[in-house]
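Please open the model in a viewer and follow the stops below in order. Each stop names a selection and then describes what is found there.

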Amino acid sequence: GCAVCCGAMASSTLQLRALLYAVLPSESRFRSLHEVPNYVEKSIPFFIGFIALEFAVSWVQRRKLAGRINDGISSLSLGILSRLPDVLFRSIDIISYVYVWDNYRLFELPWHSPWTWYLTFLGVDFAYYWFHRISHEVNLLWAAHQIHHSSEDYNLFTALRQSLLQRYTSWIFNLPMALFIPPSVFAVHLQFNLLYQFWIHTEVITNLGPLELILNTPSHHRVHHGRNPYCIDKNYGGTLIIWDRIFGTFEAEDAKVVYGLTHPVNSFEPILLQLRPLAHIWNMFWATPGFCNKLSVLFKGPGWGPGKPRLGLPEEIPVITGKEVPYNPSVPAYLNCYAVVHFTIIMDLYIDLLATVSVSNPCLYEIAKCKYLNASI
Ligand SMILES: [Zn+2]
Ligand SMILES: [Zn+2]
């Protein structure tokens, strides 16, 4: 009846607000990790809705499509691939966090206090800043993260273009919080921090006035995705931009941003996009003489080479002429139609799979989480 309907309405506005981090502590605090909703999985319908909205707004604003079929399918495929490990085992970031909390915590902040909620908001965003910055400054981590930068378009599809490997490098940055912040609070903010970064991947929002001072915005994040020399290694923030302002990596949007990697891969193939950078590092590693140089190939910046500074030489970043065109091989219209239909079916199967697996057996969906947590909490 009415109560059920109102309940459903309330939960979907909460889900919508979660995409903007516009959620109160009282709406999102949980005693145990088991009670924490899977906000990310529940957002899938909203992702689709927002993408449709972005296309509509972009068309009205500029008579321009917000994305391309080839690039969009590539991004969505990468997004699906990146979530697949969750079907089999729960994320390493939660498991490692709970392990540290169980064995090494120094004290326990109260899970129901708004102060704990706000502190965790700051803590998760601060950890994200450093994880993200190091992902750009250390070649091995860049090999995982670069996939997110491989699109030469900038739209909401790009937000979903996530690495399959990155989760295996990001977890360690959150562990200091496990010394005093309960896992149930951490798990909420880990998801909100990720979700917030969805809507900023758009060109239809130009400038947000005073909000640009403290929040990471579409404008700031466009700079982060740019391959213009002025954009390189700038604006690492997740939700807040204050970390970049504090640690000297902030850059305001200026000349028209050209998106993508400084050395474009020119492919839409998701597995190739994931593995090619690793192959590149492997070849560099063996081709570079000397043990210390080999270590530098792995741990210095992607632009490093023998005799160069840690992050490479700024003058080696290719200049932007403004005449760059995105990789866009032309295929017959019927092939594009076929690709869309084929992909829609795959996408449908994937959403069904997630739903079936998580409804029929929540422990199978989060198998490692259950195995480990039933014993510990
Ligand atoms: Zn990045
Ligand atoms: Zn991004």
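## The two zinc ions

Select both ligands: 5.9 Å separate the zinc ion (ligand 1) from the zinc ion (ligand 2). The coordinates shown are those of a predicted model.

Begin with the zinc ion (ligand 1) and display its protein donors. Which residues coordinate the zinc ion (ligand 1)? They are His132, His136, His145, His149 and His224, each through its NE2 atom, at 2.1 to 2.2 Å. Along the chain these donors follow the spacing H-x3-H-x8-H-x3-H-x74-H.

His148 lies in the loop between helix 8 (139-145) and helix 9 (156-160), and His201 in the loop between helix 11 (183-199) and helix 12 (211-214), so the pair ties together parts that are 53 residues apart in sequence. Both His148 and His201 are buried.

## The annotated regions

Colour residues 118-249, which an unreviewed UniProt entry annotates as "domain: Fatty acid hydroxylase". Over this range the chain is 53% helix and 0% strand, with the end C-alpha atoms 24 Å apart.

UniProt, again in an unreviewed entry, also places the feature "transmembrane region" at residues 43-60 and 171-192. Select residues 43-60: the span is 94% helix and 0% strand, and its end C-alpha atoms lie 26 Å apart. Then select residues 171-192, where the chain is 45% helix and 0% strand and the end C-alpha atoms are 16 Å apart.

Select Asn216, in the loop between helix 12 and helix 13. Is Asn216 buried or exposed? At 0% relative accessibility, Asn216 counts as buried. Leaving aside residues up to four places away in sequence, Asn216 touches Tyr196, Ile200, His221, Gly237, Gly238, Thr239, Leu240 and Ile241.

## Two loop residues with positive phi

Which loop holds Asp233? Asp233 is found between helix 13 and helix 14 (242-247). Its phi is near 60°, a positive value in a residue other than glycine. With a relative accessible area of 24%, Asp233 is partly exposed.

Now select Tyr21, in the loop between helix 1 (2-18) and helix 2 (39-42). Tyr21 is not a glycine either, yet its phi is positive, at about 65°. Its relative accessible area is 9%, and Tyr21 is therefore buried.

## Helix 16 and the cysteines

Select helix 16 (residues 291-299), in which Lys294, Ser296, Val297 and Leu298 are buried. The buried residues of helix 16 pack against helix 8 and helix 15 (270-287).

How many disulfides does a search of the whole structure find? The search finds zero. Cys231 is buried, with a relative accessible area of 1%, while Cys292, at 59% relative accessibility, counts as exposed.

## Confidence

Finally, colour the chain by pLDDT. The mean for the chain is 89, and 92% of its residues reach 70 or more. Select residues 361-365, where pLDDT stays under 50 and the model has 15 contacts beyond four places in sequence. Where pLDDT is low, the predicted coordinates should not be read in detail.

How values were computed: Residues are numbered from 1 along each chain as its sequence is written. Chains are lettered from A and ligands numbered from 1 in the order in which they are written. This is a predicted model: local features need pLDDT of at least 70, side-chain atom pairs count only at pLDDT 80 or more; totals for chains, interfaces and linings use all residues. Side-chain values use heavy atoms; hydrogens and water are left out. UniProt positions are given in the numbering used here, feature names are shortened, and annotations may be inferred rather than shown by experiment. Helices (H or I, at least four residues) and strands (E, at least two) are DSSP runs, numbered from the N terminus. Buried means under 20% relative accessible area, exposed over 50%, partly exposed in between (1.4 Å probe, protein chains only). Donors are N, O and S atoms within 2.8 Å of the metal (3.2 Å for Na, K and Ca); water is not among the atoms, so sites may look incomplete. pLDDT is the predictor's confidence in each residue, from 0 to 100. Contact means heavy atoms within 4.5 Å. A disulfide is a pair of cysteine sulfur atoms within 2.5 Å.
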